[in-house]
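Please keep the sequence and the coordinates at hand while reading.

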Amino acid sequence: MNALRIAGLTVTRGAGPVIRDVDLTLEPGRITALVGPNGAGKTSLLEAVSGVVPAASGTVHIGADEITKQSRVARARRGLAHIEQGRAVFGGLTVLENLMLTARTRARADELFEAFPELEKRRDSPAALLSGGEQQMVVLARAFADRPSFLLIDEMSLGLAPVVFTRLLPMVTRFAEEGAAILLVEQFTHLALGVASDALVVSSGRVTYAGPAQGLLDSPGTLHAAYLGES
Amino acid sequence: MRLAERGIPFVVAIVAIAVGYGLSAGLDGYFVYLGMSAVVAGISLLGLGVVTGSAGMISLCQLTFGAVGAWTVSALNEAQAPGGFLTWLVLGGLAAGVVGVLVGLPALRLRGINLAVVTLGLAAAADLALVQLQFPGVSAGISVERPEAFSDDRSYFQLAVVVLVLCCLAVYFLRRGRWGSAWQAVAFSERGTAAAGTSVRTSKLTAFAVSATLGGISGGLLTGQVGIAFPASFTAIQSLALYVLAIMSGAHLIDMAVFGAVLWVGVPELLKRWGIPQDWGFVVFGVLGVQALASGGNLGTTVRQVWYRRSKKEPAKLDLAAKTADIESKAPGPPVLTVRGLSVSFGHVAALSSVDISVPEHGVLGVIGPNGAGKSTLVDAISGFLPNAEGAVELGGRPLTGSPSNRARAGLRRTFQQDRVPPGLTVGAYLKFLARRRLTADEIGDALDFFGCPAARTPLSQVDVGARRLVEVVGHLLARPRVLLLDEPAAGLPHEEHVAFGERLRQVPARFGVSVLLIEHDLDLVRSVCDTITVLDFGRVLASGPQAEVLADPAVLKAYMGETEML
Amino acid sequence: MLQGALAGLAAGGLYAVLAVCLTLMSRLVRVVNFAQSATGMFGCYVAVFLSVDLGLPMWLATVAGIVLGGLLSALLGWIVSTWLAEADTGTRSAVTVAVLLLLISLSFILFGNKPQPFHPILDGPAVTVGGVVISQVTVVTVALAVLVAVASRIVLSRTPAGVQLRALSERPTTAELLGIPAKRLSVAVWAVTGVVSTLVISIVAPSQSNDATSLAMLVVPAAAAALLGGFRRLDLAVAGGLGLGLIQGAAAQVDGLSVVRYFLPFAVIVALLLWSQRKEVWDAAR
């Protein structure tokens, strides 16, 4: 299976760069935690990788193929899934319809309902009427449905009770075990570092730490310094 | 300096009138006729430029307003009303303006497309109706009387040029005043405009009314030229073509409106000389219009880019290095803003549940919490952007209700997390727009200096995003509200500047007499500025009280798990 | 009066079909298509040209015209999806205004200013109900309106493509990130509405004023009807179109009202907007 390689990626918004010169490789089966203060540019990085915004410079490769200039749809077709911030369900569609968008067959949808039993009960309910946790479950299930090779997850925990989030996190781990490469952006730093093998800290638009997640867990001083922009 | 700035438009005006005189005297009779048509179209385009400059507003009946102007002038002429042609011309413009307000009212509550549908409906209806009805005085063959001094074609052309120049001056000064700032603001962000205490609807209506008035004047002038008004001059197709031309040439720029008028007359002329059917002219406009919209530019911006050869200037940043003079701070008093039981839900997701907030007079209340805790929703609800929020908000003991612009005018101001500062204005113009009161140059200068912001003359498009949002804060402070809600004002600033910013924020209640509610992520900043803190988590208040107590509370630490090192 | 009203029902069916097209376009591809009836007009004129000037059999010419109308609309959709994918509804709709201008002028150049020699596809009465005659055209257009509305409903709720379209219209970016072929689906919507509007104009044009401007300006009463449904509801769009046709037909019987009749769609538009916008609504994106 291929790796996703990001080299020298810079994203600008309006007047100046939001995040610059990012080098990162996502290997299959490994979870990389991307942490940092608010406004550091984490979301912009994900958006540039998935094609929501164009990259000002730098490249993104899947295996040997460059995807930097490809459309969002083309990148999604290559197995790149981006879970956006804020529970991006289609409120007007039922839970089943949401899942069928990526599951495509009833059989696959049923498999997903087995993995997420709470959703089975709400399968014909419009997604707008679900609770926050249920909506995030729909988003995750929808992303898992066609077995993406690369999963970019932006603050899954946003607005969720911690107890709900801790139930969703093992699913991400299981997914990595099935071979996906995952980039996990999280504000609950410790929880993210707990499941990740690698970590990247971004502060004020620059990478201030890139290495094993254990390194940050072992030394809180390093994490603190990285947050403040000292590398 | 200011005098020269004030003087330049008048100098340009006088030069233009002189040029007009020269043309009227020197040109061949046929070209005077063409020039006359160009002037008439120019005034109409000027009007369209005002409306299209407010993005999303599409006006497809400009020539129908011309017909209203023509109708008024013909009717007054037939009735031999006192005042003479010039008075009738002005009245025709005003009549068109009134029609514009009536037509615009239903369509301007919701943005954009509805106005296009309404105006196209009016244009199509008027098209058919005008063919059946006749302009006043036509059946009796009464021709509109020109003013005595301008009765022959050349001098009438001169008069038309003067009218055009006066219209351009009027639009120029309107744009630099409150109305113009409101138009720019509405074009960029309706929420930002409402938060500034300006009614979005009124701003759009004034733009539409001005555009209709100019259309009416144009129609009246045309009637004076040809003597008898014909429906063929005011068809719906021509209104469409004029709109497309306005888009394509960038008619919101005054010089481009004149250039567009030259195209309006010049393209058909060229086609005639080359023996090509006239309809190709509109086909060309249509194609160029599509191209302009697809590429997101227009002739105006392209020409300006070539002309000014945009220098890659460094955007103006903040300069917070200077130490500020310390000022006697007042002790926080009784609550000036109280919120009780505030609840907001989006569908079944409860964004806020029974939140109580209290901002002390002359104090700074910090609101902190993890992402998604509902902090921005809180500000939206208090400032009136969420009409189905439940709970009670009181400002200075009185209930605070109504639309966001009402609440802003009542003394509650807020800033936005996203950039909602219109880039088309200068720093100074934007401050005056936000403050909604007369500001002396000194007041503006002092406030800008205090926060290290760029000078008042700097265009906002050349100001760095972080600095722009601070300018927004300064503007709201200058309005002297009772309470200011700040939504992550330091977000665009590098970490080093947070300390300096914090110092200044600390002095805001004493310096400006404003109480502050501050949402921030940087806990160092919060610690240095806020007397009391409220912690939100998952839409509920987790803890509330004096700073030291709250930040030591273990429940708060737990909620902030990821940022434990920060505390 | 009743006969007059029912005579207006043919136009009402036309308005209803066009209103359904406008509503679908507004919901699914975020455009108010001011060129909706103009593309139909153009397709019809080509059909007339093919049958009258080139001597093709009428059925073939009509089909060719309908196909062309669909292709023209698809081309416009392709331009909008490629270069204006991120633009707001206002800008996208402004492009259709430019195309409206373009098509009217182009038809003057290609086909002249005089009325086209249409041969009616359908002619004569269909049924007589209680002494009142209803023409074939009326029956077909009303039936077509109901059919298109119902078919759209079924496609959107039951087929995978329909679900994808609904997802795309609700959150375009998220839909694309899931691999939904946004551009292909959008162009398909443009093409289908293009075909439908050309079809209905082919049926009705021979029996009413069919110069380029009148046909192109059919978008105005269609928009009035679509406004009844808020550019979202298909059933109200059909009701609005039929209702407007009936009122116009009835008003045509009263002599003194002839000029007022021209302002009827405009008055309906104003009334609907006034009624529907009592609360201020915030543009969350700005």
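In this predicted model, the domain assignment divides chain B into domain 1, covering 2–245, and domain 2, which is made of 335–411 together with 481–566. The centres of domain 1 and domain 2 of chain B, taken over C-alpha atoms, are separated by 48 Å. Where domain 1 of chain B touches domain 2 of chain B, seven residues come from domain 1 and seven residues from domain 2. On the domain 1 side of this contact in chain B, three residues are nonpolar, three are polar and one is charged.

Chain B also holds an open sheet of six strands with mixed pairing, ordered β6-β7-β8-β3-β9-β10. Its edges are formed by β6 (412–414) and β10 (540–546) of chain B, each of which pairs on one side only, and the twist from one strand to the next averages 15°. Helix α14 (residues 375–382) of chain B lies across β3 (364–368), β6, β7, β8 (515–519) and β9 (532–537) of chain B, and α14 runs at about 150° to β7(B).

The contact between chain C and chain B takes 44 residues from chain C and 48 residues from chain B. On the side of chain C that touches chain B, five helices each supply at least two residues, namely α3 (58–83), α4 (89–111), α10 (219–228), α12 (258–262) and α13 (264–276) of chain C. Of these, α4(C) gives the most, with 17 residues.

The residue classes on two of the contacting sides are set out below.

| Domain 1 of chain B, touching domain 2 of chain B | three residues | three residues | one residue |

Within chain C, the axes of helix α5 (residues 136–158) and helix α11 (residues 234–253) come within 10 Å and cross at roughly 170°. Angles over 145 degrees count as roughly antiparallel, and α5(C) and α11(C) are therefore roughly antiparallel to each other. From α5(C), the residues C:Val142, C:Ala145, C:Val146, C:Ala149, C:Ser152 and C:Arg153 meet C:Leu234, C:Asp235, C:Val238, C:Gly241 and C:Leu242 of α11(C). By class, the residues of this contact between α5(C) and α11(C) comprise seven nonpolar, two polar and two charged.

Methods. Residues numbered from 1 in each chain as written. Chains lettered and ligands numbered in written order. Predicted model: local features only at pLDDT ≥ 70, side-chain atom pairs only at ≥ 80, totals over all residues. Contact = placed C-beta atoms within 7 Å. Helix = DSSP H or I, 4+ residues; strand = E, 2+ residues; numbered from the N terminus. Pairing = 2+ DSSP bridges. Axes fitted to C-alpha atoms, helices over the stretch in contact; angles between N-to-C directions. Domains from an automatic or database assignment. Nonpolar A, V, L, I, M, F, W, Y, C, P; charged D, E, K, R; others polar. Parallel < 35°, antiparallel > 145°, perpendicular 65-115°, else oblique.
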